[in-house]
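Take each task on its own first, then follow the solution step by step.

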Amino acid sequence: MHPSLRFALRRFAVGALILLAVSLLVFVGCEILPGDVAQVALGQFATPESIRALHQQFGLDRPAPLRYLEWLIGILHGDWGMSMGTKVPVAQLLGERLANTAMLAGATTIVAIPLALALGLLMALRAGSRFDRAASVVVLALSATPEFLIGTLAVMLFSVHLNWLPAVAQVTFGGGWAALARSLLLPVITLSIVVAAQIARMTRATIVNLLDLPFIEMATLKGVPRRRIILVHALINAVGPIANVVALNIAYLVSGIVVVETIFAFPGVARLMVDAVQARDLPVVQACAMLFCFAYVVLILAADLLAVLFNPRLRRGIHPDGSAG
Amino acid sequence: MQAAAPILAIDRLVVAPAAGGAPVVDGISLAVSPGEVLALIGESGSGKTTLALAALGYVRPGLAVRSGRIRLGATDLLGAGEAKLQDLRGRRATYIAQSAAASFNPALRLDAQVTEPARVHRLRPLAEALAKARLLYRRLDLPEPERIGQRFPHEVSGGQLQRFMIAMGLIEGPQLVVCDEPTSALDVTTQVEVLKAFKAVIRDGSTAGLFVSHDLAVVAQLADRIIVLRRGALVEQGTTEAILAAPQEPYTRELIAACRRWDRRRPASPPRVAACAAAPARLEVVDVTAGFGPREPMTGRPTITAVDAAALAVRPREVVAIIGESGSGKSTLAQVIAGLHPAAAGEIRLDGAALAPAVARRSLDQRRRVQIVFQMADTALNPRHRVGRIIGRALAFFGRAPRARRPARIAELLALVRLPASYAERRPGELSGGEKQRVNLARALAAEPDVLICDEITSALDTVVAAAIVRLVEDLRDRLGLAVLFISHDLATVATLADRVVVMRRGKIVERGPTGELLARPTHPYTRLLLASVPELRIGWLEEAAGRRAALLPEFAETGAAPVADVDRGREDAHAG
């Protein structure tokens with residue numbers, strides 16, 4: 001079998017195993033979560049009898065291992081169970097929110113990543129120049145600023161002072177694309193700043209490190225222009241590290257944007273999860289957690305495969321082409 | 001020759017650190033005419049690489065030209081802008097770097113890199129450049145010239161890669177080729193081939209050569225004239241004949257003496273008193289097989305065998321040398337003994353007791369008693385730690401000195417490797433290559449070992465520095481009663497130091513014996529090939545050696561062993577790396 005195919009298959013298998021392990025952790029985590037859906041739902045009117053009745057209704061009285069297996073088998077069939085709070089299938093609940101989050105993450109990815117790569121390359125191209133130093137300070141400051149501050153400042157500037165954009169992202173498909181874009185603009189700007197700053201920094205650092213290597217000096221001595229040195233000789237060797245940073249940031253966009261969704265009252269998956277935790281709506285919490293982990297595993301897997309694809313040592317495995325043997 | 005206008009003319013060039021400080025190149029003038037090869041010779045720190053790079057109008061970051069002039073043909077390189085320099089580099093003047101492995105982009109195919117000058121200078125269509133590259137591959141004796149360029153750098157051997165570098169330097173028919181130690185990283189047998197190929201190609205045209213080296217014997221084969229450099233200043237210059245026959249300066253004589261350490265017509269190291277002969281073996285290697293890749297289910301052998309049923313013994317106060325080319329398995333064997341690379345079969349015994357294959361399973365005391373020193377002195381030292389801390393860690397780890405006594409012990413160890421006690425306060429970056437290797441030795445000695453494995457510890461050092469390290473190892477052996485396993489591809493070093501020699505080829509031990517006897521009367525054709533490949537300090541040696549090699553190679557066929565085929569070696573190198 002071709003070594004990189006074998007590598008890909010092995011990584012797929014490892015990814016599946018990780019997800020299985022995660023499912024166990026998620027389930028156990030939810031089990032030991034203090035509080036109880038019946039207690040929360042019934043509030044002060046809870047009596048031991050009514051709680052027991054509700055438990056029975058949700059099947060919570062049965063042993064945990066059995067429930068875990070049922071849940072796992074359900075997932076494999078695409079059945080995420082029933083939300084305990086709203087009595088709606090989790091899949092349906094998740095579906096709406098996932099579309100919103102995917103839209104936000106997708107729009108941010110499209111804006112932020114080309115911007116970040118271009119900025120990082122430009123900084124590397126002019127490493128040490130005034131532009132590079134100024135950009136480095138700005139980018140470092142931005143990547144160190146928490147997104148709630150950036151989000152709040154963006155709201156103050158664009159919504160309160162300039163009155164250009166709505167402060168609350170009301171995602172409605174009825175209002176047409178223009179309205180949708182307007183409501184997405186502020187969250188996308190906020191997220192793009194955070195994500196782009198980090199990717200640009202990493203891109204610059206990776207490329208600048210590579211520029212110290214002897215083969216870059218060799219290219220200079222062959223008369224290769226600096227732009228080609230960076231765009232061909234350095235970039236091809238930087239794909240692996242950069243792909244990983246990009247993947248981590250996209251994964252963050254899918255799962256970690258609770259703060260941004262909260263600031264802009266954006267109806268995404270992260271908000272859904274926070275609400276579900278408060279309501280002890282465990283099937284929803286579990287589904288969200290699994291979804292986030294799935295996104296991480298898939299994105300990191302994609303980044304690793306990309307890194308292998310651009311590294312001939314890894315791509316060709318330890319065996320050179322047949323002519324050597 | 002002198003009548004023609006020089007291709008390269010450097011006039012009173014001064015290059016110094018941009019931040020200020022002593023010049024690296026201090027007022028040197030030189031000229032190279034078409035068809036002439038000028039050699040710059042000196043140790044590291046002599047400024048020879050800086051001078052060589054200046055010939056392409058390039059100064060490394062951190063350095064700056066203070067004064068002087070550099071002219072390539074009619075072009076003033078110091079006055080030329082970046083665009084103009086870009087235009088002439090890779091076309092009119094080219095550079096062949098010392099380490100081909102580091103100088104090729106690991107992610108691009110060799111063809112693409114060799115033909116890149118044509119691409120960036122828009123000199124000719126790519127197909128034409130490619131055809132030209134293949135012609136050069138053929139002339140440089142690369143196997144499968146039509147296809148080999150499709151490989152990536154890690155898929156060919158070090159010797160082949162160096163030839164690709166030469167092809168890259170010559171492809172556009174430059175007026176000047178600058179070679180910076182183009183063969184220093186190669187095995188002796190490969191070096192002969194590369195030198196021969198290089199000489200043939202450069203002699204054909206009107207190309208001028210600026211050849212940088214620390215090895216006079218190599219330079220003697222190629223250069224018309226020699227300039228001896230020391231600490232940035234010119235010591236002596238003259239024709240190759242004159243420098244070799246009648247050196248004027250003491251420093252030049254010292255360099256020549258360092259080169260003549262070993263003369264095959266004189267006996268090698270005098271046979272030492274057989275005091276150690278009676279002693280039982282301290283270290284025994286019993287039929288060790290090791291390699292890379294998964295094990296074959298039937299035989300239990302690894303897919304690629306790097307060491308094949310090797311056996312040897314080292315007694316206290318004895319130096320046993322392992323010689324062989326890269327890919328012969330000698331470094332893998334060192335790692336097996338140190339427990340860094342568990343063997344697939346066989347046993348390592350210390351004073352008769354078997355050691356666990358993996359170092360993690362050995363007891364602290366067993367680990368303490370076997371120490372290893374590596375080739376790359378600087379990568380083996382943490383650049384952020386001071387020397388005292390580096391050595392102190394080994395003392396603490398093996399519990400060899402209570403905290404209060406540590407500073408005194410560190411000073412003792414530094415004294416043992418002939419470094420002043422004040423070096424404890426220095427960081428590796430403030431040390432020279434030879435000093436770093438002394439620190440590595442001191443760290444190994446901190447463990448108070450019984451067995452010291454030296455894996456090519458002098459290969460990255462200048463001749464004179466390497467000779468000093470060898471004397472140090474000799475001294476340590478006598479004073480501490482160490483059993484030393486000295487791995488090297490440098491026969492001259494081995495000849496002066498080792499009591500016994502083991503020759504390895506492709507994982508197998510092909511010949512062994514007392515040093516003097518083995519070097520004087522080698523029986524295995526491969527040993528003879530190795531011996532015939534060590535450059536000698538006289539003009540015309542290269543041609544003789546090439547002839548001798550041609551005569552020896554058929555013997556391989558007769559003994560059933562294939563000649564040292566680079567095709568195979570490429571593969572082994574790829575694994576070893």
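**Exercise 1.** In this predicted model, find how strand β11 (residues 283-295) of chain B is joined to strand β12 (residues 302-314) of chain B.

*Solution.* 
- Step 1. Look at the direction of the two strands: β11(B) and β12(B) run antiparallel, with eight bridges joining them.
- Step 2. Go to Arg295(B), and you will find Pro302(B) of β12(B) opposite.
- Step 3. Now follow the turn. Six residues lie between the strands of this hairpin, and Gly300(B) has a positive phi near 80°.
- Step 4. Turn to another partner of β11(B): strand β14 (residues 345-350) of chain B pairs with β11(B) over five bridges, in the antiparallel sense. Here Leu283(B) faces Leu350(B) of β14(B).

**Exercise 2.** Describe the interface of chain A and chain B, from its area down to a salt bridge.

*Solution.* 
- Step 1. Start with the area: the two chains bury about 3,000 Å² between them, and carbon and sulfur atoms account for 58% of it.
- Step 2. See who supplies chain A's share. Met218(A), Leu221(A) and Lys222(A) give 23% of the area that chain A buries against chain B, more than any other three residues.
- Step 3. Count the residues in contact: 28 from chain A and 37 from chain B.
- Step 4. Apply the salt-bridge rule, a nitrogen-to-oxygen cut-off of 4 Å. Three salt bridges cross the interface. Arg228(A) and Glu116(B) form a salt bridge through their side chains, at 2.9 Å from N to O.

Note on methods. Residues numbered from 1 in each chain as written. Chains lettered and ligands numbered in written order. Predicted model: local features only at pLDDT ≥ 70, side-chain atom pairs only at ≥ 80, totals over all residues. Heavy atoms only, no water. Pairing = 2+ DSSP bridges. Helix = DSSP H or I, 4+ residues; strand = E, 2+ residues; numbered from the N terminus. Contact = heavy atoms within 4.5 Å. Buried area = accessible area lost by both parts, 1.4 Å probe.
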